[in-house]
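Let's walk through this model together, one region at a time. Have the structure open and follow along.

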Amino acid sequence: MPVTELPIVIVDAYMPTSKRLVLNRRGSSVWEIESERGRHAVKLGYSNESGEGPAQPWTALAPGREGYILNRLNEEATPYGEWEEGTWNVQPWREGPSLWQLWEGCRVPGSTMEPLQRDALACAEVLAELHGKGWVHADVQPAHFVVGSERVHLIDLALARGGHVPAGLDFPFRGCLVHYEAPEISRSVLETGWAEPTQAADVYAFGASLLISATGGRAVEYPDDAPRPVQREAIVDGRHRDVTIPGPMRSLVREMLRYDPKDRPTIYEVGETLS
Ligand SMILES: Nc1ncnc2c1ncn2[C@@H]1O[C@H](COP(=O)(O)OP(=O)(O)OP(=O)(O)O)[C@@H](O)[C@H]1O
Ligand SMILES: [Mg+2]
């Protein structure tokens, strides 16, 4: 169902002077709004009943779950609540390119631009901050690192784990974007339908994010149009692509993508190596 309007509670609270639909897909709609209170991202969740497979009511709960977690983790308040179709939150708009956009020049064929280690370090630092609080992000991907002029922001905490979440907003973890899924996560999702996110799986996902942003290549090779279970099987089978990042990050990313989670560095070790 396309979401064409902002819920009235949000319009009344913020009185936006401008609004822009950023994306609307798979049960999630993101808007950028501007008002006297500044620039914000509005996230609306709704039941994803279109497309293949059964309805996924968890998408309706995701912004509420994220709103609760942002309030636990950050000093600034993140309003969240319910609307007709699901839950919503309003969070500060983070200005800047994503890691994927930032390293675009490295992926141009024949380019001599090398990914900057200091960008990777800035991303590692925000993930280390989250892990330091005892949390796991569970959906680390290049689009979720927003590289601002002052600092990097790690967005989309809807799937994060690490503390209590009210039962009415919670849902089980059924995997993330498969390109960034660690083998143990893919195996568990294939076998049981769900998985336990861990900091080691976040490190793997961050390694896969660095690799794809720098080279355009996924950590594991499978056809673009392969169904998700087939993609997950390829990950479990360990069909790893050679890590081709130029420069000193190459051996680090190789370690981050190790098959056995015990063999991967912690995010603190990743940060130390990068600095
Ligand atoms: N606080 C924010 N500041 C700036 N941009 C944001 C913010 N929140 C979301 N966005 C933009 O909207 C996109 C989608 O947001 P987000 O990942 O949180 O939602 P999602 O429903 O989980 O989408 P996806 O399925 O792509 O992960 C982000 O990649 C980013 O471009
Ligand atoms: Mg997301």
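Across the interface of domain 1 and domain 2, two salt bridges are found by the rule. Keep in mind that this is a predicted model. Domain 1 covers residues 8-92 and domain 2 covers 99-274, and their C-alpha centres lie 24 Å apart. Where they meet, 14 residues of domain 1 are in contact with 17 residues of domain 2. The size of an interface is often given as the accessible area lost when the parts come together. Here the buried area is about 1,500 Å², with carbon and sulfur atoms giving 68% of it.

Now turn to D156, which forms a salt bridge with K43; their closest N and O atoms are 3.4 Å apart. H144 sits in the loop between α4 (117-132) and β6 (145-147), while D156 is in the loop between β7 (152-154) and α5, so the pair ties together parts that are 12 residues apart in sequence. H144 is buried, with a relative accessible area of 8%, and D156 is buried too, at 17%.

Our last stop is helix α5, residues 183-192, where P183, I185, S186 and V189 are buried. These four cover an arc of only 165° around the axis, which puts them on the same side of α5. An α-helix has 3.6 residues a turn, so residues three or four places apart point the same way. The buried residues of α5 pack against α6 (199-215) and α7 (228-237). Just after α5 comes G193, with a positive phi of about 90°.

Terms used: Residues numbered from 1 in each chain as written. Chains lettered and ligands numbered in written order. Predicted model: local features only at pLDDT ≥ 70, side-chain atom pairs only at ≥ 80, totals over all residues. Heavy atoms only, no water. Buried < 20%, exposed > 50% of the residue type's maximum accessible area, 1.4 Å probe, protein only. Helix = DSSP H or I, 4+ residues; strand = E, 2+ residues; numbered from the N terminus. Arc of directions from axis to C-beta. Contact = heavy atoms within 4.5 Å. Domains from an automatic or database assignment. Buried area = accessible area lost by both parts, 1.4 Å probe. Salt bridge = Lys/Arg side-chain N within 4 Å of Asp/Glu carboxyl O.
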